[in-house]
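Work through the exercises below with the sequence and the model open. Each task is followed by a solution in steps.

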Amino acid sequence: MRKLSHSERTEQSDQRMVESAITIIQEKGISGLRLTEVGILAGYSRGLASMRFGTLEALLRRVARHLSVQWLDELAESVAHEKGLAAVYSALDANARYLAPPSTARVQFLILFHSLDPSAKEHLNVARVLAAQRRDIARWISEAIESGEVKRGIDPEAEATSIVGSLNGIIFQSLIDGTLPWTNMWEKLKAEITERLSLPE
């Protein structure tokens, strides 16, 4: 077996500590996160997480980046080369899969909501995340208009804002109340988009 380089060992230990941080946030929330516990849970010393990340805020940034990469990989795999409304529906399906247990979506949203707290030391740019979602969906709707799949006169930006609001509402409700039939809610949202945008057959 090839011996890992110093940089590879560092990356491996950082990854294990990020995963430990996610586990702790799932169980205790952000307020229960401690750098010493992160290091111990990952199988290292009490002080390693402090040495690597410095502060809890820096660790949260690393966790948020890790989860964002995971989500973007899931989205890219789902949408692939789809265009138009097919891309919109594939993106919604990716969101549904991302919520399915075992899911790290709760951790991602906890960090996003935490960043809205004025007392938080670290503020992630949530507006930029939502703007990116709206931009992608607006582009796919524009493609659907050009291909004749969607009615002329539809405002892609306005529709994208409505869709992003609906999908984040579903995610929020599902995270708050796990008893809700959220899979049905995704199908209902897709049906509403089809009815509102598609040309009559």
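For the class counts, Ala, Val, Leu, Ile, Met, Phe, Trp, Tyr, Cys and Pro are nonpolar, Asp, Glu, Lys and Arg are charged, and the others, Gly among them, are polar. The model is predicted: local features need pLDDT of at least 70, side-chain atom pairs count only at pLDDT 80 or more, and totals for chains, interfaces and linings use all residues. Residues are numbered from 1 along each chain as its sequence is written, and side-chain values use heavy atoms, with hydrogens and water left out.

**Exercise 1.** Find which residues line the second largest pocket, and sort the lining by class.

Solution. A pocket is an open set of points on a 1 Å grid over the protein atoms alone, where a 1.4 Å probe fits, with protein on both sides within 12 Å along at least five of seven lines; lining residues have an atom within 4 Å of a point. The lining consists of L99, P101, S103, A105, R106, S174, L175, G178 and W182. Helices α6 and α8 each give two or more of these residues. Sorted by class, there are 5 nonpolar, 3 polar and 1 charged residues.

**Exercise 2.** State what follows helix α1.

Solution. G29 comes after α1, and its phi is positive, near 80°.

How values were computed:
Helix = DSSP H or I, 4+ residues; strand = E, 2+ residues; numbered from the N terminus.
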